[in-house]
Every structure is written in C-alpha cells, then in structure tokens.
Amino acid sequence: MANHSIVAKGLIPVVAAAILLLPASCNSSAEDLRDAARLKITKFFNGKGIYERDNVPEDPNPPVKSYYDVIGGAYRYIVKSSDDWDDLPDIVAGDSISFYFKAYVFTGSDSGTPYATNIASEIAYISQGNPQFDISDWSTDPLKIKVGSDPQIMKPVQNALLANNIAPACRPGDQVRIYLTSDLAYGNKGVGTVLGKSTVVFEITSLAIVEPIDAELAEASKASRAAITSGLQSEGIYERDNLPDGVDTGDVNGWYDIVGGAYRYIVNEDRAERSALPDIKAADSLSLYFDARIYADSYETSATYSTNIESRIAELAVSDPGLDTSEWPADPLKIKIGSDPQILKSVQNTLPTCKPGDVVRIFLPPDAAYGNKQSGTVPALSTLAFELTNIEKIE
C-alpha cells in the first residue's frame, strides 16, 4: 500500500470504504435519493441500448447492444473484453489482481475528470487543468489488491468484479465501469472534491490476475459462503440491500453485511437507543468479550475453540473436558482496530460502523480466516463464527 498513496490520500474512504461506509438502514429520504440515482443510471444505460441482464423490457428501444449487471447494489458494465475471453479464468474472491483505474463523479456521460487515478495520462491532464489537486504522491503503478478482503478499495467495487447467480465474473483484460450510488460510496458528506450524495464511477483497465487463489481453498470458501448464506437465511437474516426475489420484508428478522469477505450480523441492531450512540471507527481502541467457534450449520450449533467469557469457559470445562481451557483468560479483550495481532484482521475490519453495546456475529469463510493451514485446534479450511459482546470504546 505504500506504493499507492493515491489510494490512501486521494481516496480517503476507498482505503476503508467497506469498513466506514457500509450500507445503513435507509430512511425514506435516503431511499428516495438512492432510487433516483439508480433510475438515472438505468436511463443512461438504456438510452445507449444497454439493458440489465435477464431484465430486458419487451420491444426495447433502442435495440439491445449489450448488458449491465447489478451486483450488491453496484451497477457493473463490462465495456470491452479480450478476444480470448472464453478461454480466460474467472476472477474469484481471494485472487490477487492488478489494474489501472480512474474514479470520477457520474454526471450522465461516459467519462469525467478523475478525482483519483493511477493512470499516467490522466494524472498529467489533471496537473495541467486542475492545479488545486494535490497529485504529488499519486502513484502510476498498477494497484494490486486481494479481491474480497482488501482495505485499499471499496468493497462494492471488489464485489462487482465477481459473479453472482446471474452475472458472469470479470476476467483478465476486461475494461469495466462500476457505478456506485452515494449510499455505497461517500454518503451524504462526500470526501475531498467529491460532494455528498454523489454517484461515482470506477473505470478499471488492464485487469490481470497476479496470483490466483489456491484451488482447494477457493472451492472450500465458495461452499462456505453458500453454507453461511443458507444458515442466515434460514433464520430470516438477509444481506442488506440485496433481498432475494420473492422474499417479503415482513419475513426479514435481520440484516447482514459482507465486509472484506466476512459476514457481519448485528443481533441487536434494532434496539431503540442504538441510533443515538457513536459509531465505532477504524483505529478505535475497544474492549470486548468474544466466543470463537468452528462453524457448523448455525452459530448455536458450532463448537467453541476459544473464548474469554467466564460462564462459557465454565460450561466447556463440564461439557468438553478434553478441551484445555486452563489458560484462557476471563478478562475483556482490549484491541486497537486494524493493527492488533490478538484477533484476526478480518474480524477487526467488521467493527467500524458498529456501536458500543452491539452484539455482533461474524462468519468467516476459510479465505477470510486461516485458509488452508491449521491454527491450533482449528483444522485447515475451517469456517469460523465469532460472537462479540460487551463492546466498549476505551482510550
């Protein structure tokens, strides 16, 4: 990341957008703003003969020229692909990839002046026409990220590179435009030269796979995500802003968010006093209790492998005498988010936008946990589940 200071400086929330700008429960005005922005994007595409895949109107006018996909609320349009696209591998979560990008505010056209980029020609253009931009440390190297869990770029952008049940995955060589409404980007406040409530576009070029994820780990993680999703949905818990067709909002018992490859469910999100509490932010110091389990079907049916909850330690001493809990402390765990070696980084990344007092369940596929290596009593390729309680900010 040191070689990509544009990402750290020019795109402040891009560094931690998946952490700092998770989609929140919308009030009616926010929903109206989002819906208006989505309509503008849709009309822009349709006017060029580009229609949502599997949702093309009868007798489209103009005729169909191409398709866009909606992935986790982001609008993705693959502008151009390689001639040998059919022979190239899909980009999947866990792949290490590289690309060039430019990010600009959407104004209803195919391009705009970038507010951040690593493309040398774009930087030269900005330096000539926009002297107010501080581009002194913008890198012209390709940006390298690990898809699905990288803090350098917004999570919705990473997700938009992947397949869903309708859309194909991107592949090396694709030129991709990803449109984010403000609820997925910089919200009402904006950042830098980007005004609040702005829809932004990320255009990605020279897309390449630097190091593919291990095939066994990829397959195990894919199956794990399906199992986590199925387990949550069986309890009436659905991904925020991605309710499946045919599911009525009256059947929803809660929402989960996907943060850097982790699935986060705030159990008591609907408590009345929550809205008045301050958000937890990246780099905050916290104290908390945790119960870490090896996931099997649901959190409740999963076996604990580590905890600092005194009552839980006592229960395990009776129910699982073979488990050595003698050195497990029953004190609150104190961490500094983002840089603490005591707990998995993927768990820490889910905490910003939570609030003190939240009960947070976090589900980690293998590629967001210990991967294909054993860790202590946790077997390789394990899916993990954490429950964090008594979360408090500390100095």
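Isoleucine 280 sits in the loop that runs between β11 (262-266) and β12 (285-296); helices (H or I, at least four residues) and strands (E, at least two) are DSSP runs, numbered from the N terminus. With a relative accessibility of 1%, isoleucine 280 counts as buried, the cut-offs being under 20% relative accessible area for buried, over 50% for exposed, and partly exposed in between (1.4 Å probe, protein chains only). This is a predicted model, in which local features need pLDDT of at least 70 and side-chain atom pairs count only at pLDDT 80 or more, while totals for chains, interfaces and linings use all residues. Residues are numbered from 1 along each chain as its sequence is written, and side-chain values use heavy atoms, with hydrogens and water left out.

Leaving aside neighbours within four places in sequence, isoleucine 280 is in contact (heavy atoms within 4.5 Å) with Leu286, Ile337, Leu351, Pro352, Thr353, Cys354, Lys355, Pro356, Ile391 and Lys393. Serine 139 is another matter: 141 residues separate it from isoleucine 280 along the chain, and the two C-alpha atoms are 30 Å apart.

One of the contact partners of isoleucine 280 is threonine 353, which belongs to the loop between α8 (345-348) and β15 (360-364). Threonine 353 counts as buried too, at 15% relative accessibility. Its side chain makes a polar contact with the side chain of arginine 264, at 3.0 Å. Here a polar contact is a pair of N or O atoms within 3.5 Å; within protein, one must be able to donate a hydrogen and the other to accept it, and residues adjacent in sequence count only if both atoms are side-chain atoms.

Together with Val56 and Val64, Tyr67 forms a nonpolar surface patch with about 210 Å² of accessible area.

As for the whole protein, the secondary structure comes to eight helices and 16 strands. The radius of gyration (taken over C-alpha atoms) is 22 Å, close to the 21 Å that the globule rule (2.2 Å times the number of residues to the power 0.38) gives for 395 residues, so the protein is as compact as a globular protein of that length. Along the principal axes, the C-alpha atoms fill a box of roughly 70 × 50 × 45 Å. Of the 395 residues, 50% count as buried. Among contacts with a separation of 6 or more, 65% come from residues 24 or more positions apart.

Key. Patches are made of residues with over 30% relative accessible area and no salt bridge: like charges are joined within 9 Å, nonpolar side chains (Val, Leu, Ile, Met, Phe, Trp, Tyr) within 5 Å. Accessible areas come from the Shrake-Rupley method with a 1.4 Å probe; for residues, only the protein chains shown count as cover. A salt bridge is a side-chain nitrogen of Lys or Arg within 4 Å of a carboxyl oxygen of Asp or Glu.
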